[in-house]
Amino acid sequence: MTESTFMTESTPRRAGGTWNAVLRDQLTWHWDNQVRGRLDGLSDDEYFWEPVPGAWNVRPRGTSTAPIQGGSGAMTIDFAVPPPEPEPVTTIAWRLGHVIVGVLAMRNASHFGREATDYATFDYAGTADEALAQLDAEYATWLAGVEALGEEGLARPVGPAEGPFADSSMARLVLHIHRELIHHLAEVALLRDLYLHTER
């Protein structure tokens with residue numbers, strides 16, 4: 001991959017570019033060029049598709065057999081604590097639920113003023129379109145929150161919301177969240193490829 005392939009106009013090229021902008025560009029370039037377009041056209045069949053028996057999913061309330069069924073609305077997400085060995089394969093719906101809630105919404109609530117939420121109280125999407133709208137909203141809140149930190153805010157401790165990592169910097173949290181998004185949304189893209197090439 002050449003530099004021209006991944007550099008964008010928003011990427012700081014000079015000493016005057018800020019670390020805050022560099023951190024945000026890490027995610028926005030990936031989102032704009034590799035992720036969001038791969039999610040367009042996601043159907044409800046793909047969203048709920050279980051590639052193997054026993055997969056964890058997001059299901060209508062009362063239909064799950066998982067030990068823990070999180071959610072406050074008509075849909076619940078499958079969980080177990082501790083997770084079984086081996087851990088179940090998870091569907092696109094489950095992975096998006098994890099990204100929307102565990103990666104973004106809970107951190108947006110802890111650090112950027114979003115209403116408090118968690119896996120047990122979130123209202124999970126019953127359609128792919130609704131899930132993508134939730135994802136877009138939490139992504140926008142996260143980016144705005146990171147930008148509002150400025151340079152000094154990146155150095156401040158994350159605080160009690162991050163438990164044993166309370167003394168770690170906001171910059172480290174930003175890097176961690178971006179790694180999580182890149183990782184899990186790549187999994188969603190792979191599941192879309194498998195769905196396309198699997199006889200059902």
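Visitor: Is Asp193 buried, partly exposed or exposed?

Guide: Partly exposed. Asp193 has 34% relative accessibility. Keep in mind that this is a predicted model.

Visitor: Which residue forms a salt bridge with Asp193?

Guide: Arg38. The closest N and O atoms of Arg38 and Asp193 are 3.2 Å apart. Arg38 sits in helix α2 and Asp193 in helix α7. That links distant parts of the chain, 155 residues apart.

Visitor: And Arg38, buried or exposed or in between?

Guide: Arg38 is partly exposed, at 32% relative accessible area. The cut-off for buried is under 20%, and exposed means over 50%.

Visitor: How many salt bridges are there?

Guide: The count comes to nine. One of them joins Glu162 and Arg107, with 3.1 Å between the closest N and O atoms. Glu162 is in the loop between α6 (152-155) and α7, while Arg107 is in helix α4, so this bridge ties together parts 55 residues apart in sequence.

Visitor: Are Glu162 and Arg107 buried or exposed?

Guide: Buried, both Glu162 and Arg107.

Visitor: What about Arg114, what does its side chain meet?

Guide: Glu138. Their salt bridge is 2.8 Å, N to O. Arg114 lies in the loop between α4 and α5, and Glu138 in helix α5, so the bridge ties together parts that are 24 residues apart in sequence. Arg114 is partly exposed, with a relative accessible area of 24%. Glu138 is buried, at 7%.

Visitor: Switching to rings. How many aromatic pairs does a search of the whole structure find?

Guide: Nine. Take Trp49 and Tyr195. Their ring centres are 5.4 Å apart and the planes stand at 75°, so this pair is edge-to-face.

Visitor: Where do Trp49 and Tyr195 lie in the chain?

Guide: Trp49 is in the loop between α3 (44-48) and β1 (58-60). Tyr195 is in helix α7. The pair therefore ties together parts that are 146 residues apart in sequence.

Visitor: Buried or exposed, Trp49 and Tyr195?

Guide: Trp49 is buried, at 12% relative accessible area. Tyr195 also counts as buried, at 13% relative accessibility.

Visitor: Now Phe112. Which residue does it form an aromatic pair with?

Guide: Trp142. That pair is edge-to-face, 5.4 Å centre to centre and 65° between the planes. Phe112 sits in the loop between α4 and α5, and Trp142 in helix α5, so the pair ties together parts 30 residues apart in sequence. Both Phe112 and Trp142 are buried.

Visitor: What else is Trp142 in contact with?

Guide: Leave aside neighbours within four places in sequence. Then the contacts of Trp142 include Leu27, Leu104, Arg107, Asn108, Leu173, Val174, Ile177 and His178. Arg107 is the salt-bridge partner of Glu162.

Visitor: Which residues touch the most other members of the largest nonpolar core?

Guide: Tyr47, Leu96, Leu104, Leu135, Trp142, Leu181 and Leu185. That core has 48 residues. Helices α2 (19-39), α4 (92-111), α5 (128-149) and α7 (170-196) each supply at least two of its residues, and so does strand β3 (75-79).

Technical notes
Residues are numbered from 1 along each chain as its sequence is written. This is a predicted model: local features need pLDDT of at least 70, side-chain atom pairs count only at pLDDT 80 or more; totals for chains, interfaces and linings use all residues. Side-chain values use heavy atoms; hydrogens and water are left out. A nonpolar core is a set of buried Ala, Val, Leu, Ile, Met, Phe, Trp, Tyr and Cys residues joined through side-chain atoms within 4.5 Å. Buried means under 20% relative accessible area, exposed over 50%, partly exposed in between (1.4 Å probe, protein chains only). Helices (H or I, at least four residues) and strands (E, at least two) are DSSP runs, numbered from the N terminus. Contact means heavy atoms within 4.5 Å. Rings of Phe, Tyr and Trp (its six-membered ring) pair if their centres lie within 6.5 Å; planes under 30 degrees apart count as stacked, over 60 as edge-to-face and the rest as tilted. A salt bridge is a side-chain nitrogen of Lys or Arg within 4 Å of a carboxyl oxygen of Asp or Glu.
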